[in-house]
Amino acid sequence: MTWNLSHKLACRKLTTGNITQTLNGSKKKLQRLILESETLKKMIVEKKELTKKVQQEIKGIETERSKVQKANSFLKKQIEESAMPEPLEYVQQKATAYQLQKDVANYERKVEIAEMEHRSLQVKNRSTRGNTTTLFNQ
C-alpha cells in the first residue's frame, strides 16, 4: 500500500515537473511573440507614414506635370501660330522662336523628369504596400 502511494506521488511529481517545464516554455514563447508584435506594430505605423508621404509626393508631381504639359502645349501653339513679319521683326521673332524652342525643350525635359519621378514613386508606393500587406498576412 505504501509502495502504491509512493508510486502515485512520484508520478504526480513527474507530471507536475513536465507541466511546469511546458508552462515556462510557453511563457517564454509568449514574451517573444509579444515583443515581435510590438516591433511589427511600429513597422506598420512607419510604413503607413511612408505611404502617406509618397502619396502626397505623387499628387505634387502630378500637379507639376500637368502644369508643365499645359505650358508646353501653349509654347508649341505659339510657335505654330507665328506669321511672317517684316525683316527687322523677322529677326526679332527668330530670336524669340529660338528662345521658345529652348523653353519647350526645357519643359519637355522637366516633363520627362516629372514622369520618371512619378514612376519611381509609384514603384516605391507599390513596394510599400506590398511590405505592409506582407506584414499583415504574417
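Contact means heavy atoms within 4.5 Å. Leaving aside neighbours within four places in sequence, Val54 is in contact with Leu121 and Asn125. This is a predicted model: local features need pLDDT of at least 70, side-chain atom pairs count only at pLDDT 80 or more, and totals for chains, interfaces and linings use all residues. Residues are numbered from 1 along each chain as its sequence is written, and side-chain values use heavy atoms, with hydrogens and water left out.

**Nonpolar core**

- A nonpolar core is a set of buried Ala, Val, Leu, Ile, Met, Phe, Trp, Tyr and Cys residues joined through side-chain atoms within 4.5 Å.
- Buried means under 20% relative accessible area, exposed over 50%, and partly exposed in between (1.4 Å probe, protein chains only).
- The largest such core has five residues: Val54, Ile58, Ile61, Ala114 and Leu121.
- Two helices, α1 and α2 (87-137), each give two or more residues to this core.
- Helix α1 supplies the largest share, three residues.
- Helices (H or I, at least four residues) and strands (E, at least two) are DSSP runs, numbered from the N terminus.

**Salt bridges**

- Side chains of opposite charge can pair when their charged atoms come close.
- A salt bridge is a side-chain nitrogen of Lys or Arg within 4 Å of a carboxyl oxygen of Asp or Glu.
- The structure holds three of these.
- Glu115 and Arg65 form one, at 3.5 Å from N to O.
- This pair links distant parts of the chain, with Glu115 in helix α2 and Arg65 in helix α1, 50 residues apart.
- Glu115 is partly exposed at 23% relative accessibility, and Arg65 is partly exposed at 27%.
- Glu108 and Lys76 form another, also listed at 3.5 Å from N to O.
- Here Glu108 sits in helix α2 and Lys76 in helix α1, 32 residues apart.
- Arg119 bridges to Glu115, with the closest N and O atoms 4.0 Å apart.
- Both Arg119 and Glu115 lie in helix α2, four residues apart, about one turn of the helix.
- Arg65, Glu115 and Arg119 are linked in a network of salt bridges.

**Along helix α1**

- Asn72 lies in helix α1 (residues 2-81).
- Asn72 counts as buried because its relative accessible area is 10%.
- Beyond its neighbours within four places in sequence, Asn72 is in contact with Val104 and Glu108.
- Ile19 is also in helix α1, but Ile19 is exposed, at 54%.
- Ile19 and Gln55 are 36 residues apart in sequence and 53 Å apart in space, C-alpha to C-alpha.
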